[in-house]
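Visitor: I am new to this structure. Please take one part and walk me through it closely.

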Amino acid sequence: MRTEEEMYALFMHIAKADDRILAVYMNGSRTNPNAPKDIFQDYDIVFVVRETKTFIEDRDWIHRFGKILYMQYPDENPFYPCDRENNYGWLMQFDDGVRVDLTVQTVAYTQEHIHDDKLCRILLDKENILPTIPKSTDADHHVKKPTEAQFQACANEFWWCSNNIAKGLWREEMPYVQDMTNFVVRKQLERMLSWKVGIGTDFQVSVGKSAKYLYRWLETDEYQKYLNTYFGGSVEQAWTAVLHMCDLFEQTAKYVGRKLGYTYNDMEGKAARGFLERVRQLPKDAKSV
């Protein structure tokens, strides 16, 4: 597997040898001083170019980066809009394990958007076309202190949508249950746990995409309780995990509310939890709830 030094040298060699490329900058986890370093970190590289057309039309030029195992052209996906004349990318997995997410951007596009993410580092600027960039930081991704309205909305969303999990489990519609749990209800639990982390760190850290860094700040047993909220295809296993989720959410919401001086609707939580347990006991031939 090529080293970081080898990859940076390759990017610079390609950019310096091509007059169409005016500058190079990088974003993503490799610019984040707080992200753990490992062998799976991508290289999120942006080439600032005079135009994108010749890069897009030449399907061979990307092989300068190495032997491609497989790849994706995200801006060719018909399900998503794109601005290929100004911003176009290639996602490449190489046979030695290196992955590069490469984008070419026009000068005008870059100058307008380079400040969108503070996780940014300039690697090369041939003609001084890029603006001054502050030191790379993940501050934009730090947990934000919620307002009381946001806190209460989070709790309401969690408990209200647990109703959907209940009926999905009674019907044994596991694809629906998985979607409702992981894409709706779990997101509220992630949010509440993130706020707890924020309280303990003065809202100066990021818990990462999908709250993947929660383990850094939660106690070991609490993090294990969070992991216990995941389940597979078994209805009974799902019921157990969902009720664990309710326990953890209630405990966390009460803690966050107390620390921030916000009101937690305990009656709502108890009512929703009671409804879940009631539905769990319903026979399959029930005619009413």
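Guide: Start with helix 5, as a way in. Helix 5 spans residues 174-200 and holds Thr181. Keep in mind that this model is predicted. Thr181 has 0% relative accessibility, so Thr181 counts as buried. Setting aside residues up to four places away in sequence, Thr181 touches Ile165, Arg186, Phe231 and Met245.

Helix 5 also holds Lys196, which pairs with Glu222 in helix 6 (residues 220-227). The two form a salt bridge, with the closest N and O atoms 2.8 Å apart. They sit 26 residues apart, so the pair links distant parts of the chain. Glu222 is buried, because its relative accessible area is 11% and the cut-off for buried is under 20%.

Now move to helix 8, residues 266-280, where Val279 lies. Val279 is buried, because its relative accessibility is 6%. Beyond its neighbours within four places in sequence, Val279 contacts Ala166, Trp170 and Trp239. Take Trp170: 109 residues separate it from Val279 in sequence, yet the C-alpha atoms are 6.9 Å apart in space.

Arg280 forms a salt bridge with Glu236, and their closest N and O atoms are 2.4 Å apart. Arg280 is partly exposed, at 27% relative accessible area. Glu236 is partly exposed too, at 48%.

The whole structure has 21 salt bridges.

Notes: Residues are numbered from 1 along each chain as its sequence is written. This is a predicted model: local features need pLDDT of at least 70, side-chain atom pairs count only at pLDDT 80 or more; totals for chains, interfaces and linings use all residues. Side-chain values use heavy atoms; hydrogens and water are left out. Helices (H or I, at least four residues) and strands (E, at least two) are DSSP runs, numbered from the N terminus. Buried means under 20% relative accessible area, exposed over 50%, partly exposed in between (1.4 Å probe, protein chains only). Contact means heavy atoms within 4.5 Å. A salt bridge is a side-chain nitrogen of Lys or Arg within 4 Å of a carboxyl oxygen of Asp or Glu.
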